[in-house]
Amino acid sequence: MTKALITGITGQDGSYLAELLLKKGYEVFGLVRRSSSFNTGRIDHIYRDSHDPETRLRLVYGDLNDASSLNHMLRTIRPDEIYNLGAQSHVRVSFDVPEYTAEVTGLGCLRILEAIRESGLNCKFYQASSSELYGKVVEVPQKETTPFYPRSPYACAKAFAYYITVNYRESYGTFATNGILFNHESPRRGETFVTRKITRGIANIKFGLDDKLYLGNLDAKRDWGFAGDYVEGMWMMMQQAEPDDYVLATGETHSVREFLDLAFDYAGLDWKKHVEIDPRYFRPAEVDLLLGDSTKARKKLGWQPRVSFPELVRMMVDADLELIRARVHGTGASTRPVRAD
Amino acid sequence: MTKALITGITGQDGSYLAEFLLAKGYEVYGLVRRSSSFNRGRIEHIREDERAEKTRFRLVYGDLNDASSLNHVLRTFQPNEIYNLGAQSHVRVSFDIPEYTAEVTGVGCLRILEAIRESGLNCKFYQASSSELYGKVVETPQKETTPFYPRSPYACAKAFAFYSTVNYRESYGTYAVNGILFNHESPRRGETFVTRKITRSVANIKQGLDDKLYLGNLDAKRDWGYAGDYIEGMWMMMQQPEPDDYVLATGETHSVREFVELAFDYAGLDWRKHVEIDPRYFRPAEVDLLLGDATKARTRLGWEPKVTFKELVRMMVDADIELVRTKVHGTGIPGPA
């Protein structure tokens with residue numbers, strides 16, 4: 001049975017990827033940090049008790065900042081594929097905790113690559129690179145050959161991780177790939193990311209739990225796809241004969257304002273009555289127009305995004321409406337508005 | 001009095017920069033790591049000189065991996081200019097200790113930038129960026145706009161530091177500059193760097209203390225200048241009204257083989273009789289042809305390298321021959337240096 005290790009398994013992409021790999025018959029190991037708060041909400045539906053002999057999903061304790069834990073994991077699990085999705089993944093927050101972000105998001109990747117080299121395992125490695133590398137874009141659309149111009153501590157750390165992945169491939173022949181993924185969203189997107197914040201806000205407003213939604217720069221333009229489509233692309237990159245770097249993107253760009261229009265319209269609301277601008281949410285350095293060209297992935301991997309932008313928006317609004325409805329009517333839990341910063 | 005803080009003050013560039021700034025009337029603080037071994041050979045003469053007058057030169061303990069020590073140093077000394085020359089600076093060694101290199105060479109820079117921001121000081125910052133950023137070069141010659149292709153853990157860490165420096169400049173208006181310096185050598189170059197290894201060995205062979213010199217890739221081509229000239233460029237960058245990034249380079253490229261030929265010839269030796277290739281010294285990923293275009297620095301800063309390649313080689317051979325001679329005859333210490 002093929003064994004995969006996923007860092008960041010409790011996140012959006014990790015949970016979709018775990019589902020995909022389990023469906024493909026993999027044994028899946030997920031690296032989790034110990035915390036006294038439960039944070040496995042996104043994978044609870046696929047998790048079975050570890051005493052169940054049928055279980056093919058296991059969570060193991062470790063940390064991207066703890067090289068010994070990574071060495072230990074590689075030695076005991078001996079994975080065939082490692083997907084490094086773990087990171088301090090929030091761009092705005094990276095300005096508040098730049099050093100921590102550099103450690104986890106940047107050096108974390110290096111620690112895994114070193115652990116692979118040290119173990120001597122013949123193990124493939126996927127690095128979750130990001131369209132944020134292009135930042136203050138040098139050309140439009142952005143593809144694999146576009147020079148980087150990172151504009152946040154998060155993006156600087158991702159640049160380090162990208163380069164070091166290429167370096168291990170070229171220096172040691174490690175099967176190491178970079179997936180340069182443009183924004184990809186879903187009902188499991190973290191609640192402080194703008195798309196989810198909007199759809200969550202709509203659900204709260206719709207149920208009368210809240211009236212206002214505070215946002216930053218409405219003119220920021222992003223290339224937004226559906227996370228479920230993108231994890232399939234990750235897996236495809238790892239099944240190639242030779243490791244390489246690929247951009248995954250829809251090739252369409254939309255502003256935050258367009259996302260708002262679509263989402264509020266769909267819920268029968270007028271966003272102009274509810275949305276307020278809060279300068280706290282502006283980034284110190286903004287990334288203007290992200291638009292990806294994934295020709296290489298389409299040709300070499302046969303990858304294709306399936307969910308369109310309007311479908312994505314509706315999927316997210318529907319899911320959040322359902323979530324709040326269950327909270328309000330179903331379980332009778334607190335009706336406190338769920339508004340995250 | 002202008003106050004400067006230099007990290008990496010015990011290194012080649014740090015020692016030249018300290019001399020230069022003291023001559024300009026600065027008060028100079030150097031960050032040093034505590035070590036039980038003596039590692040201040042390059043600045044000992046400055047400390048001697050400074051003892052006479054009211055000292056304008058001071059070493060303080062700290063570490064680029066220790067953010068608290070950086071905060072403390074900034075708060076206590078309130079420098080006007082910080083030159084971040086500290087790093088695990090050896091490319092080949094960075095393949096052996098990549099994580100440590102990333103911490104010191106990469107995140108170390110970020111820790112200083114954060115400390116400056118946190119302190120609220122109006123303090124200028126110089127980041128020692130490197131031509132190794134260009135690695136597997138995308139265009140020749142390389143200038144400020146050339147895309148990076150780092151080929152070692154060292155270069156990846158330097159890329160992180162470069163980007164972070166630009167990011168703090170653009171995000172917070174920090175006066176932060178990158179000097180992208182091509183190779184620069186001197187008699188104070190570390191003894192494991194190829195140029196110094198050659199001249200050191202020439203001196204040993206000349207004095208009959210050694211017979212062989214083991215080298216890696218003789219075909220590697222570099223743009224080699226004199227460290228003393230480059231220090232001045234760093235300072236010039238910090239005196240501009242607006243912070244920016246500049247390449248410093250000679251615009252000439254020479255192979256390791258050419259350096260070997262010149263150095264051995266000058267000492268009256270035939271390198272073919274002494275040089276052996278040891279594959280241990282090959283890098284896992286090599287950087288092929290580094291050649292810098294310093295037009296921007298020449299035009300905007302008025303910077304110009306003064307020492308030629310040939311003069312540099314001779315200066316280094318002369319210094320090492322003198323050093324070994326003192327050791328052999330002067331102190332009576334036996335054996336190869």
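The model is predicted.

**The sheet of chain A**

Chain A holds an open sheet of seven strands. Their order is E3-E2-E1-E4-E5-E6-E11, and the pairing is parallel. Strands E3 (57–61) and E11 (245–248) of chain A stand at the edges. Each has a single partner strand, so one side of each is left without a neighbour in the sheet. From one strand to the next, the twist averages 20°.

Strands of a sheet pair through backbone hydrogen bonds, either parallel or antiparallel.

| Strand pair | Sense | Bridges | Bridge partners |
|---|---|---|---|
| E4(A) and E5(A) | parallel | four bridges | Tyr83(A) and Tyr126(A) |
| E5(A) and E6(A) | parallel | six bridges | Ser129(A) and Ile180(A) |
| E6(A) and E11(A) | parallel | four bridges | Gly179(A) and Tyr246(A) |

**Strand E6 of chain A**

Strand E6(A) deserves a separate look. It is mostly covered, with six of its six residues buried. In a regular strand the side chains alternate between the two faces of the sheet. In E6(A), Ala176(A), Asn178(A) and Ile180(A) point one way. Thr177(A), Gly179(A) and Leu181(A) point the other way. All of these residues are buried.

Helix H7 (residues 227–238) of chain A lies across E4, E5, E6 and E11 of chain A. H7 runs at about 155° to E6(A).

**The sheet of chain B**

Chain B also has an open sheet of seven strands, in the order E3-E2-E1-E4-E5-E6-E11. Its pairing is parallel. Strands E3 (57–61) and E11 (245–248) of chain B stand at the edges. Each has a single partner strand, so one side of each is left without a neighbour in the sheet. Neighbouring strands of this sheet are turned by 20° against each other on average, direction ignored.

At one end of that order, strand E6 (residues 176–181) of chain B pairs with E11(B) in the parallel sense, over four bridges. There, Ile180(B) stands opposite Val247(B). Helix H3 (residues 67–77) of chain B lies across strands E1 (3–7), E2 (27–32), E3 and E4 (81–84) of chain B. H3 runs at about 145° to E3(B).

**A residue in helix H11 of chain B**

Ala319(B) lies in helix H11 (residues 309–331) of chain B. Buried would require under 20%, and exposed over 50%. Ala319(B) and Ser36(B) are 283 residues apart in sequence. In space they are 28 Å apart, C-alpha to C-alpha.

**Where the chains meet**

How many residues does the contact take from each chain? It takes 33 residues from chain B and 33 residues from chain A. The area buried between the two chains is about 2,600 Å². Carbon and sulfur atoms give 58% of that area. Glu99(B), Tyr163(B) and Glu170(B) supply 22% of the area that chain B buries against chain A. That is more than any other three residues.

Charged side chains also meet here. Across the interface there are eight salt bridges. One salt bridge links the side chains of Glu103(A) and Arg111(B), at 3.3 Å, N to O.

Terms used: Residues are numbered from 1 along each chain as its sequence is written. Chains are lettered from A and ligands numbered from 1 in the order in which they are written. This is a predicted model: local features need pLDDT of at least 70, side-chain atom pairs count only at pLDDT 80 or more; totals for chains, interfaces and linings use all residues. Side-chain values use heavy atoms; hydrogens and water are left out. Two strands pair if DSSP finds at least two bridges between them. Helices (H or I, at least four residues) and strands (E, at least two) are DSSP runs, numbered from the N terminus. Axes are lines fitted to C-alpha atoms, for helices over the stretch in contact, and angles run from 0 to 180 degrees between N-to-C directions. Contact means heavy atoms within 4.5 Å. Buried means under 20% relative accessible area, exposed over 50%, partly exposed in between (1.4 Å probe, protein chains only). Buried area is the accessible area (1.4 Å probe) that two parts lose on being put together, summed over both. A salt bridge is a side-chain nitrogen of Lys or Arg within 4 Å of a carboxyl oxygen of Asp or Glu.
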